[in-house]
Amino acid sequence: MKLPIPVAVCGALGRMGQRVVDAVFHHERLELVGAAERPDCPDIGQDAGFLAGLGAIDVPVMGDFAKAMARAKVYIDFTTPEAVMANLRVAQTMGLAAVIGTTGLDSAQQDFLAQAARRIPIVWSPNMSLGVNLMFKLAQLMAKSLGPDFDIEIIEAHHRMKKDAPSGTALRLHEVVSLARGLDQSSMVSGRNGLVGARRDDEIGVLAVRGGDIVGDHTVLFAGPGERLELVHRASSRDTFAAGAVRAAVWIFDKKPGLYSLSDVLGL
Ligand code: NAP
């Protein structure tokens with residue numbers, strides 16, 4: 001019988017964090033040993049399991065990331081880009097492995113993450129679901145196979161509280177299909193308004209819808225002459241993302257430093 005892998009969760013009281021606390025707690029290979037939140041969070045000191053609806057599990061929420069990580073070998077981070085940066089600084093000195101689901105990192109923050117991955121193993125994925133990671137592969141194949149006669153548009157929809165737009169998943173879909181088409185970042189058009197003229201051949205629309213409690217929908221539309229194909233993924237529960245994050249925690253535990261994706265974890 002293998003020893004359990006000690007895991008801590010950062011952003012433990014957030015929408016995702018609570019589901020991750022639940023998933024780690026119930027996973028047979030993992031032990032939940034820490035929970036971190038903002039230092040000024042009013043629930044510091046409360047039991048993370050109690051606040052996540054699990055009942056008391058004797059894991060207090062801490063405002064000090066390093067203290068919350070004291071017993072951990074792996075941490076799972078669903079917070080904000082700023083918190084991801086601060087956490088990585090500490091995680092490198094502690095030699096932790098990281099599973100990061102946080103989106104909205106700018107290019108400087110992504111560079112910092114890549115630097116950190118020279119010292120510690122990191123899984124960073126804008127979407128922890130099996131379905132979306134398969135969608136990345138299918139979108140690439142479709143973009144290549146259908147060719148330039150088919151215009152590509154990406155539409156995403158999320159709940160009204162989501163902070164970043166377009167979603168990290170939509171940005172990754174854009175990256176995948178633009179590379180498959182021999183285009184670059186400048187092909188992205190985020191929204192159209194006014195007399196914008198006819199669609200250029202080399203543009204890819206990436207459009208964000210916000211409303212209600214939508215967990216996360218993504219569509220890649222391939223519109224060609226006389227026909228169109230739509231690749232659609234709809235997430236109906238955050239538990240799907242939490243399951244992917246705990247799978248990544250088990251996988252990353254004994255890996256060498258490096259930057260990995262969920263596709264690496266899933267072997268896609
Ligand atoms: P959320 O409900 O706002 O949760 C974020 C949590 O992190 C909040 O409790 C927040 O506290 C906390 N936090 C902020 N700064 C912190 C710090 N310095 N240290 C510790 N905790 C801190 O957001 P969410 O919906 O869970 O999403 C979180 C992130 O995950 C977003 O970037 C989202 O796009 C991403 N996401 C990724 C996936 C995926 O599969 N990869 C799936 C869903 C969401 P306050 O509320 O007090 O600020």
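Start by selecting residues 81-94, helix H4, together with residues 107-116, helix H5. In this predicted model, the two pack at an angle of about 20°, and their axes are 10 Å apart. Angles under 35 degrees count as roughly parallel, so that is what H4 and H5 are to each other. Look at how they pass: H4 crosses H5 in a left-handed way.

Now show the side chains. On the H4 side, pick Pro-81, Glu-82, Val-84, Met-85, Leu-88, Arg-89 and Gln-92; what they meet in H5 is Gln-109, Phe-112, Leu-113 and Ala-116. Colour this contact by residue type and you get seven nonpolar, two polar and two charged residues.

Next, select helix H1 (residues 15-26) and helix H8 (residues 239-252). Are they parallel or oblique to each other? Their packing angle is about 55°, with the axes 9 Å apart, and that makes H1 oblique to H8. This crossing is right-handed. From H1, the contact uses Met-16, Arg-19, Val-20, Ala-23 and Val-24, while H8 brings Asp-239, Phe-241, Ala-242 and Val-246. By type, the H1 and H8 contact has seven nonpolar residues, no polar ones and two charged ones.

Time to zoom out and colour by domain. The domain assignment gives domain 1 as 5-124 + 238-266 and domain 2 as 130-235. Taken over C-alpha atoms, the centres of the two domains are separated by 29 Å. Where they touch, nine residues of domain 1 are in contact with 10 residues of domain 2. How much area do domain 1 and domain 2 bury between them? About 830 Å², with 59% of it on carbon and sulfur atoms. Pick out Arg-15, Thr-103 and Arg-238 in domain 1: these lose the most area to domain 2, together 44% of what that side buries.

Two backbone stops remain. Go to the loop between strand E7 (151-158) and helix H7 (168-180), where you will find Pro-166. The peptide bond joining Ala-165 and Pro-166 is cis, with omega about -10°.

Finally, head for the loop between helix H2 (48-51) and strand E3 (61-62) and click on Asp-58.

How values were computed:
Residues numbered from 1 in each chain as written. Predicted model: local features only at pLDDT ≥ 70, side-chain atom pairs only at ≥ 80, totals over all residues. Heavy atoms only, no water. Axes fitted to C-alpha atoms, helices over the stretch in contact; angles between N-to-C directions. Helix = DSSP H or I, 4+ residues; strand = E, 2+ residues; numbered from the N terminus. Parallel < 35°, antiparallel > 145°, perpendicular 65-115°, else oblique. Left-handed = near helix turned anticlockwise from the far one by under 90°. Contact = heavy atoms within 4.5 Å. Nonpolar A, V, L, I, M, F, W, Y, C, P; charged D, E, K, R; others polar. Domains from an automatic or database assignment. Buried area = accessible area lost by both parts, 1.4 Å probe.
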